[in-house]
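Reader: I am new to this structure and would like a friendly tour. Could we go through it together in questions and answers?

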Amino acid sequence: MLKKLPATVKQIYEILEGMGYKPIIVGSVALILQGWLPNWFIDRTKDVDLYVDDPAIIYDEDVEKEILKRGLVIGRSEIGGIYIDSDTKPIEIVYPIYDFYIPKTLLWNVVYIDNMRILEGHSVLVAMSLGHDITKYAEVLEVEIDTRKLYQLLNAVRNEVDVESFTIAKKRIDEFIEHYSRRVGRHVFVR
Amino acid sequence: MAVVNLGSYLSVLEGWKVCIDECNEECIACLDFSSLGTLLTDEEKVLLAIYLVAKKTRRYQLVAAMHIYSVKHKVIVRPETIRSAELKSDDIIKELRITCYDIPWETVFWRGLCYAQTFLDLEKPVIVKVTPPKDKREREKLRVLIEGKRITIKGKTYNVGGLLKKIGGRKIAPWVYLIPKKSLQILQRELNLKTYDILM
């Protein structure tokens, strides 16, 4: 797993934690930190995602003030997301926006690394499947996943997402497991 | 409770009205939140109403109006509230008088948000530094054109007229003004860019 996260990530994490926001590291970096993906995969990620389960953060001017106070460079994406420049990778503070969010059920599964909340691997994959295709991770996965847990988590969030998103996510998880089975040379499908 | 004219948030939707807890013939949609069972503020109801209509009709302009409303009123709704409202949308939306399109919601949503951000960006202030001409008379002519005529009444000085007032700008220092980005073009046109320089 990654020996060290950029110092700025810990700084931002502590700022948000201090303001009561409970940030969680999600996305590919969360998988890398847990040893699910190889370290070199960090070169394929564009930023480090810090998820905050509070849409009101976007209107909290104190967040920007605290970040600027520490001499960090802050910007906004075209839809108002918060981007912070860093020595290695930019950090994006991701938050729920209307019906695009990480379901609460998934957010309960966290691990702690270096005193920071990281979304647990299976939850990361399910969260990603709700947004985009995840087969590319099957090619480089370095651990044996519990496919039963993937489906359990997906079913657990059924009531938190709309039918269309659930159906598409299930299809994406099926494809992910199929790719992973082909790569390891055996059928790992467990439902 | 409310009739919201979406044209106040997005000019292309002028005349498109959403009625909440009441209904009249002018509305594109009539919604009633009594079945939702969640206490919402008036602003949250409006935001949720525009969201439900936008999602039902898959129109990116409505998504844009929704986001502009959210930013201007600093109101947000939690995903759980949206989910509850969506599950009861057939009960909440009493009437819908515009066509619905069959476009993936994700496409419509992000397009609408980017569209909204273009408009919000135009409202942002820009600092304009005007380089005045060296000639004293031309300089005073330009100053009056931008800032208006200076008149003194009972020892107090006022600026009357002027382009700055018309475009909603402010003077922050001699020849330095704060104006909405969308008014920059008006300023450039009125001052005739060939004759004077404007620096941003």
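Author: Happy to. This is a predicted model, and across the interface of chain B and chain A there are eight residue pairs in polar contact, with both residues at pLDDT 80 or more.

Reader: Which element gives the largest share of the side of chain B that touches chain A?

Author: The elements of chain B that give two or more residues to this side are α1 (42–57), α2 (60–73), α3 (79–87) and α5 (105–123). The largest share is seven residues, and the element that gives it is α5(B).

Reader: How many nonpolar residues does the side of chain B that touches chain A have?

Author: Chain B brings 25 residues to the contact and chain A brings 22 residues. On the side of chain B, three residues are polar and eight are charged, while the nonpolar ones number 14.

Reader: What percentage of the area buried between the chains do carbon and sulfur atoms give?

Author: The area buried between chain B and chain A is about 2000 Å². Of that area, the part given by carbon and sulfur atoms is 61%.

Reader: Is A:Val63 buried or exposed?

Author: A:Val63 sits in helix α3 of chain A, residues 61–69. Beyond its neighbours within four places in sequence, A:Val63 is in contact with A:Leu16, A:Met19, A:Tyr21, A:Ile57 and A:Ile82. A:Ile82 is 19 residues away in sequence, with a C-alpha to C-alpha separation of 9.5 Å. Because its relative accessibility is 0% and the cut-off is under 20%, A:Val63 counts as buried.

Reader: Which residue stands opposite B:Ile153 in β7(B)?

Author: Strands β6 (residues 149–153) and β7 (residues 156–160) of chain B run antiparallel and are joined by five bridges. They form a hairpin with two residues between them, and B:Lys154 in the turn has a positive phi of about 50°. Opposite B:Ile153 stands B:Lys156.

Reader: Which elements are among those that cover the buried residues of α3(B)?

Author: The buried residues of α3(B) are B:Pro79, B:Thr81, B:Ile82, B:Arg83, B:Ala85 and B:Glu86. What covers them includes two elements of chain B, namely α1 and α4 (89–92).

Definitions and conventions:
Residues are numbered from 1 along each chain as its sequence is written. Chains are lettered from A and ligands numbered from 1 in the order in which they are written. This is a predicted model: local features need pLDDT of at least 70, side-chain atom pairs count only at pLDDT 80 or more; totals for chains, interfaces and linings use all residues. Side-chain values use heavy atoms; hydrogens and water are left out. Contact means heavy atoms within 4.5 Å. Buried area is the accessible area (1.4 Å probe) that two parts lose on being put together, summed over both. A polar contact is a pair of N or O atoms within 3.5 Å; within protein, one must be able to donate a hydrogen and the other to accept it, and residues adjacent in sequence count only if both atoms are side-chain atoms. Helices (H or I, at least four residues) and strands (E, at least two) are DSSP runs, numbered from the N terminus. Ala, Val, Leu, Ile, Met, Phe, Trp, Tyr, Cys and Pro count as nonpolar, Asp, Glu, Lys and Arg as charged, and the others, Gly among them, as polar. Two strands pair if DSSP finds at least two bridges between them. Buried means under 20% relative accessible area, exposed over 50%, partly exposed in between (1.4 Å probe, protein chains only).
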